[in-house]
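Student: I have a protein model open and would like to learn how to read it. Could we go through a few features together?

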Amino acid sequence: MTLSDRIRAEAVNLGFDLVGIASARRALTADAFHGWLNRSYHGEMAWLGRDPERRCDPRRVLPAARSVVVVGVSYFVRDPEPEVWDDPLRGRVARYAWGRDYHKVIERRLRDLGDFIRREATGDFAMKAYVDYGPVLEREAAARAGLGFVGKNTLLISPRLGSYTFLAEILLSLDLEPDPPLPSDSADGPDALAALTEGRGTCGACTRCQTVCPTHAFPAAWVLDSRRCISYLTIEHRGDLPVELRPRMGRWVFGCDECQSVCPWVKQFSAPASRPWLAYDPDWAAPRLDELLALDDAGFLARFAGSPLMRPKRGGLLRNAAVALANGGHPDALAVAERAARDPDPLVARHAGWAVKVLRGGASEP
């Protein structure tokens, strides 16, 4: 077995569902990424705009980089019961956050894979590893490594697992045998690889993800305006949520899976995965909004420490819960919103006050 073969086999042994190898090169989508930043589609995520060319070429991160090992882990568990998921007094949490922080879980496996490579490779070499937080355009790297293709919703779609997949990568100054990208029926020769990174020939004429997006966050296929994306708004956005978007945010309190849930690849190919650190719990996947809005700082920390839901902090999560409460429209929600409108955090109090107005049948202005 070649070193590349041994790395692939060990990745599977360590529990990675997908593994592939690509050459370290400047991204084919680099110009598109620069254009995306120039249109401010990254919103408040300022780190994406710092030295953008560094994200476009792994050799700017690791000058001696020759190869990129890309791995994936499925986070599909199961579908929640409709009576829980559709309960107007419950919020919704994106699937990837139904458990412990995946960064820490995958980091341990990635370190183990890195240790294996150090034992198996000869000579000195450099290595850098990331779990979706590094300056790497990882979805393109994954597509070039044969893990899948980039769909119109801008997510990597694996023909075997769909798009509910965590990605991670190891940059290496080793010459490894790369994997071929998936075939594309829309182009031949040099254009075939570019087609995969843009989703052409793989999504076909399907536009379900574009149509279902409640906030119309896709100005075009393969282009996401983060400023309108519910995942961005509920997690990365700080301060008040745009009033015109609040009624469109449904009951999502952390993230959003709308554009994935309708994808034919997801509906047809995602299969339940055994993940001790990620499991369906109705009170986690669809938490009661009155319980969320009753959390003080200590209660928030006790309930969500070690989970992705810590990222928006208490104020951000309860802000989202207040909007979800208004959008649920249940008669019992008014009393909850009125109590939350007296929250000591002005951000929470303002959004709960808005919810009170909506639930009383008033206009949705702040």
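Tutor: Let's begin with Asp-86, which counts as partly exposed because its relative accessibility is 46%. Buried means under 20% relative accessible area, exposed means over 50%, and partly exposed is in between (1.4 Å probe, protein chains only). Before we go on, keep in mind that this is a predicted model: local features need pLDDT of at least 70, side-chain atom pairs count only at pLDDT 80 or more, and totals for chains, interfaces and linings use all residues. Residues are numbered from 1 along each chain as its sequence is written, and side-chain values use heavy atoms, with hydrogens and water left out.

Student: Which side chain does Asp-86 meet in a salt bridge?

Tutor: Here is the general idea: side chains of opposite charge can pair when their charged atoms come close. The rule used here asks for a side-chain nitrogen of Lys or Arg within 4 Å of a carboxyl oxygen of Asp or Glu. Asp-86 pairs with Arg-92, with 2.9 Å from N to O. Arg-92 counts as buried, because its relative accessibility is 14%.

Student: How many salt bridges does the count come to?

Tutor: The count is 24. One of them joins Arg-8 to Asp-179, whose closest N and O atoms are 3.1 Å apart. That pair links distant parts of the chain, 171 residues apart: Arg-8 is in helix H1 (residues 3–13), while Asp-179 is in the loop between strand E7 (165–172) and helix H7 (190–198). Helices (H or I, at least four residues) and strands (E, at least two) are DSSP runs, numbered from the N terminus. Both Arg-8 and Asp-179 are buried.

Student: What does Arg-350 form a salt bridge with?

Tutor: Its partner is Asp-240, and the closest N and O atoms are 2.8 Å apart. Arg-350 sits in helix H17 (residues 346–359) and Asp-240 in the loop between helix H9 (230–235) and strand E8 (252–254), so the pair ties together parts that are 110 residues apart in sequence. Arg-350 is partly exposed at 44% relative accessible area, and Asp-240 is partly exposed at 36%. Val-348 is also in helix H17, but Val-348 is buried, with a relative accessible area of 0%. The C-alpha atoms of Val-348 and Asp-240 are separated by 9.1 Å, although these residues are 108 apart along the chain.

Student: How many cavities of 30 Å³ or more does a search of the whole structure find?

Tutor: In general, rolling a probe the size of a water molecule over the atoms shows where empty space is left. On a 1 Å grid over the protein atoms alone, a cavity is a set of points where a 1.4 Å probe fits but cannot get out; a pocket is an open set with protein on both sides within 12 Å along at least five of seven lines, and lining residues have an atom within 4 Å of a point. Points are joined across faces, edges and corners, and a volume is the space filled by probe spheres set on them. The search finds 1 cavity of that size, and the largest cavity has a volume of about 90 Å³. Its lining includes Ser-23, Cys-56, Val-68 and Glu-140. Helix H6 gives the most to this lining, with 3 residues.

Student: Which residues lie nearest the centre of the second largest pocket?

Tutor: They are Asp-79, Pro-80, Arg-95, Tyr-164 and Ser-261, out of 19 lining residues. About 310 Å³ of space lies in this pocket.
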